[in-house]
Number of protein chains: 2
Amino acid sequence: MNVAVIGANGGIGRELVPRLTNAGHDPIGIVRDESQFDAVRERGGEPRLGDLEGEFTPALEGVDAVVFTAGSGGDSGWDKTLLVDLWGARRAIKASVERGIDRFVMISAYTASDPLAEPEALRPYRVAKRCADDYLERSPLDATVLRPTSLTDEEGTGHVSAAFEYRDENGDEIPRADVAQTVVACLANDETIGETVRLFGGDTPIENAISHG
Amino acid sequence: MNVAVIGANGGIGRELVPRLTNAGHDPIGIVRDESQFDAVRERGGEPRLGDLEGEFTPALEGVDAVVFTAGSGGDSGWDKTLLVDLWGARRAIKASVERGIDRFVMISAYTASDPLAEPEALRPYRVAKRCADDYLERSPLDATVLRPTSLTDEEGTGHVSAAFEYRDENGDEIPRADVAQTVVACLANDETIGETVRLFGGDTPIENAISHG
């Protein structure tokens, strides 16, 4: 499949692009600046420009599946959280619907389940992620929402713990590499369509962990 | 009806409470601080505490209809836009559904129709309002969304211009008093259920202006 990765140069995006190639897909790395093109190419992706606050839809030409892993980042303001994490995600979902792209995988956040949970500092971020997730879940797309717990840059283990129901705990942290590998596994497993899956570090091989939907 | 006004001490809320009484309703003014109770009472409302970021649901006890006109205000940060204008609105909608309250009138903003329109400074606010509106429209409530253009504190005229379709113009400013009177008229007119109505200053008596649904 031609898989568009929105946020291809982010922490999870960088792990995801080469794994898509390894799985036989053709990754398209959508980034907001041409200066990021070489980084996408080095990982085996076809770089394309897409601005979640501007012209975006043309970047989805010929795409079969979309992975949304863009984020405004911790250093930008809450205005960007509204414009990128929430509205940018909605624009990507809407553009996918309009282009007839069926498959969409959203990288969300564990506590999007409960935006007013502690710590308070993360509440606005969770509201944005939750509202984007809800918009996707109500769309006609074949959607999977992944809600990983705290992310690390540790090496991937190929193992995770997945929960299809809410658990009142954050669980173990999870390497970004394992989140990326879980995306690849979801694209290969239609059981994950329509599911919202919480991801923790764990001991179950990824392909098995996501097969309980 | 017992009509709860969320944000009863705001610019539109203050105009709305006495108009509800005049129309034969019993207004309940929901505010976030007891220091605002006297101001609600002076206008003929029954004050109740409700914190859109904390305990809120009990404030809706015995309520027949809800008007949401709360806002985080221009002086607070975009984090509060996410927490109050968006998540607070969603919480109010969800609480209304859970309590079996059918009728809900949302005070939105004209350009929520097109969040990325100019001026750029308002974009994050419009995203929050639009996402709250969409959540309401997709809820099972008997909802009316009012999207007034720029608000003034001029005296009410009893006349507005209402548009049920998007027009690519902001149109004339509108006094908050006329927005409040339009809320009262919507509560009396079931034709407005399921409608999203753009409001401008204008020449049509309010009751007539909203009867084109």
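A residue is termed buried when its relative accessible area is under 20%, exposed when over 50% and partly exposed in between, with a 1.4 Å probe and protein chains only. The structure is a predicted model, in which local features need pLDDT of at least 70 and side-chain atom pairs count only at pLDDT 80 or more, whereas totals for chains, interfaces and linings use all residues. Residues are numbered from 1 along each chain as its sequence is written, chains are lettered from A, and side-chain values use heavy atoms, without hydrogens and water.

Helices (H or I, at least four residues) and strands (E, at least two) are DSSP runs numbered from the N terminus. Because 10 of its 12 residues are buried, α5(A) is largely enclosed by the rest of the structure; among them are Asp178(A), Thr182(A) and Cys186(A).

Two aromatic pairs occur over all chains. Tyr110(A) and Phe200(A) form a tilted pair, 5.4 Å centre to centre with 55° between the planes. Rings of Phe, Tyr and Trp (its six-membered ring) pair if their centres lie within 6.5 Å; planes under 30 degrees apart count as stacked, over 60 as edge-to-face and the rest as tilted. Tyr110(A) lies in the loop between β5 and α4 of chain A, and Phe200(A) in strand β10, 90 residues apart. Tyr110(A) is buried at 4% relative accessibility, as is Phe200(A) at 1%.

In chain B, the ring centres of Tyr110(B) and Phe200(B) are 5.4 Å apart and the planes stand at 55°, so this pair is tilted. Phe200(B) is buried, with a relative accessible area of 1%.
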